[in-house]
Amino acid sequence: MGREASGQCQWAGQSGVAKVLLEPHEIILRGGVKARIPRASISAFSAQGDDLVLKTPQGQLVASLGAKEAVKWAEALARPLPSLASKLGIGGASPALLIGETNDEALLDALAGHHRAANADDAALIIAIIDGPASLDAAMTLADGRFLWCVYPKGKAAGFGDMDIRNHLRGAGWIDSKTSAVSDRLTATRYRRK
């Protein structure tokens, strides 16, 4: 994912030069045209000459990105999104141990079946729900040489969030190497001891 381009855009009665961002779950327009278009709402897309054309229930987006870029965007939109299990690196040969309580459906679905380890000895990696320093310290101890995914609420409203976790782990000799959205309300960052 992660494509970015600029061009003349027409969307929902707006027209102007905009930066167009392709994110895993949405297309974002910034600048002369502003919008957030969920990928799930896109019913069709195509490269038509210099234009990327998207059809949604709210109408048609036409983004003039240049012929070469429009084709690249259409190809990117045609590729299926990776599953959360795939993004976290869990599967049959790499089961994960979940520590902490969650009712997040996306995370529980990713861990369903053979993706979830029964105990730390069977786990290839640890996924920890972090709500404060105590849960983070427990997760660090349990990870013991394995990757540690710290899962926490998105945004500044989180009581113990991204910066707190990063500072705590870096101070203890851990490095972060990847982030992933988990759901609309949770995000995750992967760490490993240096």
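Thr187 is buried, with a relative accessible area of 17%, where buried means under 20% relative accessible area, exposed over 50% and partly exposed in between (1.4 Å probe, protein chains only). The residue belongs to strand S12, which covers residues 186–193; helices (H or I, at least four residues) and strands (E, at least two) are DSSP runs numbered from the N terminus. A polar atom of the Thr187 side chain lies 3.3 Å from the backbone oxygen of Ser180. Leaving out residues up to four places away in sequence, Thr187 touches Cys150, Val151, Tyr152, Lys154, Ser180, Ala181 and Val182, contact being defined as heavy atoms within 4.5 Å.

The model is predicted; local features need pLDDT of at least 70, side-chain atom pairs count only at pLDDT 80 or more, and totals for chains, interfaces and linings use all residues. Residues are numbered from 1 along each chain as its sequence is written, and side-chain values use heavy atoms, with hydrogens and water left out.

The protein contains five helices and twelve strands. Its C-alpha atoms fill a box of roughly 55 × 35 × 30 Å, taken along the principal axes. Of the 194 residues in the protein, 44% are buried. Among contacts between residues at least 6 apart in sequence, 45% join residues at least 24 apart. The protein exposes about 10100 Å², and carbon and sulfur atoms supply 50% of this area. Accessible areas come from the Shrake-Rupley method with a 1.4 Å probe, and for residues only the protein chains shown count as cover. There are 23 positive and 20 negative side chains, and the centres of the two sets lie 6 Å apart. In this count Lys and Arg are positive and Asp and Glu negative, while His and the chain ends are not counted; the place of a charge is taken as NZ of Lys, CZ of Arg, CG of Asp or CD of Glu.

In soluble globular proteins, nonpolar side chains tend to be buried together. A nonpolar core is here a set of buried Ala, Val, Leu, Ile, Met, Phe, Trp, Tyr and Cys residues joined through side-chain atoms within 4.5 Å. The largest such core has 22 residues, of which Cys9, Val20, Ile27, Leu29, Ile37 and Leu52 touch the most other members. Two or more residues are given to this core by each of strands S1 (3–11), S2 (14–22), S3 (26–31), S4 (35–38), S6 (51–56) and S7 (59–64) and by helix H1 (67–78). Helix H1 supplies the largest share, five residues. A second, separate core of 20 residues includes Ile126, Leu136, Ala143 and Leu148.

Leu29, found in strand S3, is buried, with a relative accessible area of 2%. Apart from residues up to four places away in sequence, Leu29 touches Cys9, Trp11, Ala18, Lys19, Val20, Lys34, Ala35, Ile37 and Leu61. The C-alpha atoms of Leu29 and Asp51 are separated by 15 Å, the two residues being 22 apart along the chain.

The side chain of Glu69 makes a polar contact with the side chain of Arg3 at 2.8 Å. A polar contact is a pair of N or O atoms within 3.5 Å; within protein, one must be able to donate a hydrogen and the other to accept it, and residues adjacent in sequence count only if both atoms are side-chain atoms. With neighbours within four places in sequence set aside, Glu69 is in contact with Arg3, Glu4 and Ala5.

Most residues other than glycine have a negative phi, and most peptide bonds are trans. Ala12, which is not a glycine, has a positive phi of about 45°. This residue lies in the loop between S1 and S2 and counts as exposed at 54% relative accessibility. Gly13 is located in the loop between S1 and S2 and is exposed, with a relative accessible area of 89%. Gly13 and Asn103 are 90 residues apart in sequence and 40 Å apart in space, C-alpha to C-alpha. Asp144 is not a glycine but has a positive phi of about 40°. Asp144 is placed in the loop between helix H4 (133–143) and strand S10 (147–153) and is exposed, with a relative accessible area of 62%.
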